[in-house]
Amino acid sequence: MSAGVAPAGAAPRLEASGGSPVPSTPAGCLVTFEGIDGAGKSSHIGRLAERWQARGLQVERTREPGGTPLAEALRELVLQQPMDALTEALLIFAARRDHLCQRIEPALATGAVVLCDRFTDASFAYQGAGRGFDLDLLSTLERWVQQGPAGLRQPDLTIWFDLDPAIAARRLAAARAPDRFEQQDEAFFHRVRAGYAARCAAEPARFLRIDAGQSLDQVGADLDAALAARGW
Ligand SMILES: Nc1ncnc2c1ncn2[C@@H]1O[C@H](COP(=O)(O)OP(=O)(O)O)[C@@H](O)[C@H]1O
Ligand SMILES: [Mg+2]
């Protein structure tokens, strides 16, 4: 997919993301980081980016919604403005399309490993499970937005930091002022967690679940061990 790619109006070609062989290095791979707010995504992306850069890999670190000027502008709206669930889902997928075309696909084409803080699993977990938005419509948007010349773009690996929402709330209370999502009650985050669990169960080969309720060092050690087991 490039900035000049034709709109995904044709019948989408679906590819099973979990069935492809695991590459022996993360070069040219899309690695996404998922989990509820406070789970430790930002902490571990930074650590992993440094580790892989030190190994000589080209690392592109980015986030969703966001990652391009247009998508960052949409992020501001989505995180701060009240809006209905469909508007929210459309804006997030619009931001994702721009991000894929302008940044992720070009970076992958040069052999970079792209580390992305949240991706489409977050749409299914937050908009779908959290807000109760129609999962079929999310799947349709996923096919439209992630369709490229090589098929449907999916992460090569998704690292899910799984955390009890009560622990996450305690961490966040000490860390930062909440945005529109972080202000949701604990029940919302229990639904989001269940949404991630469902995605993980549906695609176990793509997902790596990490117990994020442990100390920062232990979470990092578990992550390193799991990546080493893949040869990464
Ligand atoms: N395993 C952990 N134990 C204790 N605190 C943690 C742990 N992981 C992250 N934190 C802290 O929790 C807060 C949220 O972490 P962060 O990495 O920003 O999470 P996320 O990006 O998933 O929202 C930060 O203050 C961070 O230092
Ligand atoms: Mg973060």
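## The α2 and α3 pair

Helices α2 and α3 cross in a left-handed manner, in a structure that is a predicted model. Helix α3 covers residues 85-109, and its axis comes within 8 Å of the axis of α2, the two crossing at roughly 160 degrees. Since angles over 145 degrees count as roughly antiparallel, α2 and α3 are therefore described as roughly antiparallel to each other.

On the α2 side, the contact is made by Leu-70, Ala-71, Leu-74, Arg-75, Leu-77 and Val-78, while α3 contributes Glu-88, Leu-91, Ile-92, Ala-94, Ala-95, Asp-98 and His-99. Sorted by class, the residues of this contact divide into nine nonpolar, one polar and three charged.

## Two helices that pack against α7

Two packed helices are described by the angle between their axes and the distance between the axes. For helix α4 (residues 120-130) and helix α7 (residues 186-202), the angle is about 135 degrees and the axes lie 8 Å apart, which makes α4 oblique to α7. The crossing in which α4 passes α7 is right-handed. From α4, the residues Asp-121, Phe-124, Ala-125, Tyr-126, Gly-128, Ala-129 and Gly-130 take part, and they meet Phe-188, Arg-191, Val-192, Ala-194, Gly-195, Tyr-196 and Arg-199 of α7. When these are grouped by class, the contact of α4 with α7 has eight nonpolar, three polar and three charged residues.

Helix α6 also packs with α7, at an angle of about 120 degrees and with the axes 9 Å apart, and that angle makes α6 oblique to α7. Here, too, the crossing is right-handed. The residues that make the contact are Pro-165, Ala-166, Ala-168 and Ala-169 on α6, together with Glu-186, Phe-189, His-190 and Arg-193 on α7. By class, the contact of α6 with α7 consists of five nonpolar, one polar and two charged residues.

## The surroundings of ligand 1

Ligand 1 is surrounded by 13 residues, of which the closest are Gly-40, Lys-41, Ser-42, Ser-43 and Ala-175. The elements that give two or more residues to this shell are α1 (41-54), α6 (165-175) and α8 (216-229), and among the contributors α1 gives the most, with three residues.

In terms of residue class, the shell around ligand 1 holds four nonpolar, six polar and three charged residues.

## Backbone details in two loops

Two places in the loops deserve a careful look at the backbone. The peptide bond that runs from Glu-64 to Pro-65 is cis, with omega near -15 degrees, and Pro-65 is found in the loop between β2 (59-63) and α2 (69-80).

The other place is Arg-118, whose phi is near 75 degrees, a positive value in a residue other than glycine. Arg-118 lies in the loop that joins β3 (113-117) and α4.

## Confidence in the model

The mean pLDDT of the chain is 90, and 91% of its residues reach 70 or more. Over residues 1-19, however, the pLDDT is below 50, although this stretch has 31 contacts in the model beyond near neighbours in sequence. Where pLDDT is low, the predicted coordinates should not be read in detail.

Definitions and conventions: Residues numbered from 1 in each chain as written. Chains lettered and ligands numbered in written order. Predicted model: local features only at pLDDT ≥ 70, side-chain atom pairs only at ≥ 80, totals over all residues. Near = placed C-beta within 6 Å. Helix = DSSP H or I, 4+ residues; strand = E, 2+ residues; numbered from the N terminus. Nonpolar A, V, L, I, M, F, W, Y, C, P; charged D, E, K, R; others polar. Axes fitted to C-alpha atoms, helices over the stretch in contact; angles between N-to-C directions. Parallel < 35°, antiparallel > 145°, perpendicular 65-115°, else oblique. Left-handed = near helix turned anticlockwise from the far one by under 90°. Contact = placed C-beta atoms within 7 Å. pLDDT = per-residue confidence, 0-100.
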